[in-house]
Amino acid sequence: MKAPPITLRLFKAQVAELVDALASGASEQLARGGSSPLLGTSFYNDNNEQESRNGQPRLRGFFFNFLTLILATAKREGDNPLFEIAQEIALMFDRLQAVPPDPILGIIAAHAADPNPRKIDLGIGVYKDESGNTPVLKCVKKAEQILDSTETSKTYLGPPGVKGFNSAMTELMFGKDSAVLKADRVRTIQTPGGTGALRVGADLIKEAMPDARVWASDPTWANHYALFPAAGLELNHYPYFDRETSALRFDDMMSGLQDKGPGDVVLFHACCHNPCGVSPDPEQWEAVTDLTAQRGFLPMVDMAYMGFERGIDEDALSVRLFAEKCPEVLIASSCSKNFAVYRERVGAISVVCESSQKASDVVTVINSLTRKNYSMPPTHGTGIIDIILHSDELTGLWVSEVAGMRNRINELRKTLADKIAAAGIEKDFSFLQRQSGMFSFLGLSVEQVRRLREEFSIYTVDSARVNVASFNEGNMDYFVDALKIVL
Ligand SMILES: Cc1ncc(COP(=O)(O)O)c(C=O)c1O
């Protein structure tokens with residue numbers, strides 16, 4: 001009977017078997033052309049046919065015989081380079097281990113599979129409306145129609161992408177009257193999402209100063225922990241969130257930054273801190289930016305929720321203060337949340353330099369970094385936002401839609417804190433109202449998180465970080481009742 005075809009998996013399994021057999025002393029037998037008891041069959045087979053053993057197809061033919069010969073004549077120890085080469089040929093992907101899924105993805109999957117009609121997903125980090133949907137904003141729909149009717153080509157636009165988007169984002173971040181704009185000291189280049197902006201920024205830091213150390217708040221967004229080391233940068237932390245009081249450790253943060261200086265990069269969340277929801281107030285930002293200018297470290301600002309905390313201009317306060325006081329600033333911005341264009345991947349890296357000439361030079365470095373990474377950026381999302389930000393009517397609509405999302409989140413925070421207090425729960429949750437943006441830590445133990453999941457189909461990550469926007473009138477009472485039971 002003809003053997004079924006060899007699959008890559010089977011081939012790899014058989015090569016791995018060869019390597020194991022070698023390790024167990026089969027090499028001499030194989031080198032003599034004999035059969036190995038470990039492999040159970042002769043490896044020399046002059047015709048190029050497959051044969052079957054235990055119903056499994058086995059590869060034969062020139063390549064396999066060649067590989068066998070290399071492996072058989074090589075020694076595991078010693079300096080025979082053939083063994084190394086053969087091992088690489090055979091084991092390229094066998095060296096990779098499965099990576100555990102992101103905890104948030106695990107929660108999405110478990111929630112989707114749960115038949116309980118009362119289930120709630122508090123893990124996922126996207127804005128949801130009262131019906132639990134993440135709709136396309138009206139301003140985006142309108143701009144998309146305009147883009148559709150005016151776009152005449154989808155040819156490459158070059159590494160900087162949509163120039164109108166880049167200039168509009170610069171004005172949005174720094175303000176039209178900004179001194180750094182007037183001095184032509186800032187450049188903005190679109191990136192695939194805020195994550196892309198952070199990665200381009202990290203690559204730029206690595207290029208400028210390979211030994212730079214990056215300092216992020218403790219805690220910080222889960223992806224920061226992976227992204228900076230992936231770019232070859234050391235990531236450390238400064239004090240930020242007090243888990244006892246659910247508030248900012250402002251004094252500890254300031255003293256933690258006192259000894260930072262040139263060669264250090266300090267990463268700040270501009271607003272709506274993910275995951276803890278606490279931010280410095282305007283007075284505290286003044287002090288942080290003064291200290292930054294005085295110490296001379298590079299501030300890098302992650303701006304992923306502009307407009308979700310106090311207002312569009314208000315949320316840019318830190319960016320504007322850094323730009324006013326410091327010679328160099330990096331800003332990684334995202335339009336995923338405030339324009340609700342998550343999957344379009346829209347973000348930007350802005351760099352403030354000490355001179356206009358230096359800013360132009362740095363752009364050439366950014367372009368060369370992105371060229372060897374993703375070459376050209378996606379432009380559908382940035383094209384939409386370019387249209388919105390260049391139309392007074394659509395900008396007005398966008399501002400009101402962002403206000404709608406912000407107000408809903410703030411109302412949910414208040415209602416939730418009130419309902420928890422009214423339910424007679426002893427633990428104080430009033431911090432929910434003092435925090436902002438979509439995220440807060442509920443301060444629950446892993447055991448309490450597990451009980452919420454298993455007994456009530458309420459899903460959060462183990463840290464008990466919740467997305468407040470996942471609540472609505474229909475699910476809040478159910479949540480509060482469950483919380484009371486597990487506490
Ligand atoms: C703090 C922070 N930075 C950056 C991002 C990146 O967003 P995106 O890459 O989806 O634009 C996120 C998204 O959740 C975030 O929370």
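Modeller: Two strands pair if DSSP finds at least two bridges between them, where strands (E, at least two residues) and helices (H or I, at least four) are DSSP runs numbered from the N terminus. This is a predicted model, in which local features need pLDDT of at least 70 and side-chain atom pairs count only at pLDDT 80 or more, while totals for chains, interfaces and linings use all residues. Residues are numbered from 1 along each chain as its sequence is written.

Colleague: In which sense do β6 and strand β14 pair?

Modeller: Strand β14 covers residues 347-352, and one of its residues, Ala348, is the bridge partner of Gln190. Over six bridges, the sense in which β6 and β14 pair is antiparallel.

Colleague: Which strands are the edge strands of the open sheet?

Modeller: Seven strands form this open sheet, with mixed pairing, in the order β6-β14-β13-β12-β11-β7-β8. An edge strand here pairs on one side only, and this holds for β6 (186-191) and β8 (234-239).

Colleague: Why is strand β12 said to be largely enclosed by the rest of the structure?

Modeller: A residue is buried if 20 or more other C-beta atoms, placed from the backbone, lie within 10 Å of its own, exposed if 12 or fewer do, and partly exposed in between. In a regular strand the side chains alternate between the two faces of the sheet. On one side of β12 the buried residues are Leu298, Met300 and Asp302, and on the other they are Pro299, Val301 and Met303. Strand β12 (residues 298-303) is therefore largely enclosed, since the buried residues number six of the six.

Colleague: Is Cys272 buried or exposed?

Modeller: Cys272 is found in the loop between β11 and α11, and its phi is near 45 degrees, a positive value in a residue other than glycine. Because there are 26 other C-beta atoms within 10 Å, Cys272 counts as buried.

Colleague: Is Ser375 buried or exposed?

Modeller: Ser375 lies in the loop between α13 and α14 (380-389), and its phi is near 70 degrees, a positive value in a residue other than glycine. Because Ser375 has 10 C-beta neighbours inside 10 Å, it counts as exposed.

Colleague: Which residue does a cis peptide bond join to Asn274?

Modeller: The residue in question is found in the loop between β11 and α11. Omega is about 20 degrees for this cis peptide bond, and the residue joined to Asn274 is Pro275.

Colleague: Which helix gives the largest share of the shell around the ligand?

Modeller: The residues that surround the ligand include Gly193, Gly194, Thr195, Asn274 and Asp302, a residue being near the molecule if its C-beta atom, placed from the backbone, lies within 6 Å of it. The largest share of this shell, three residues, comes from helix α8 (residues 193-208).
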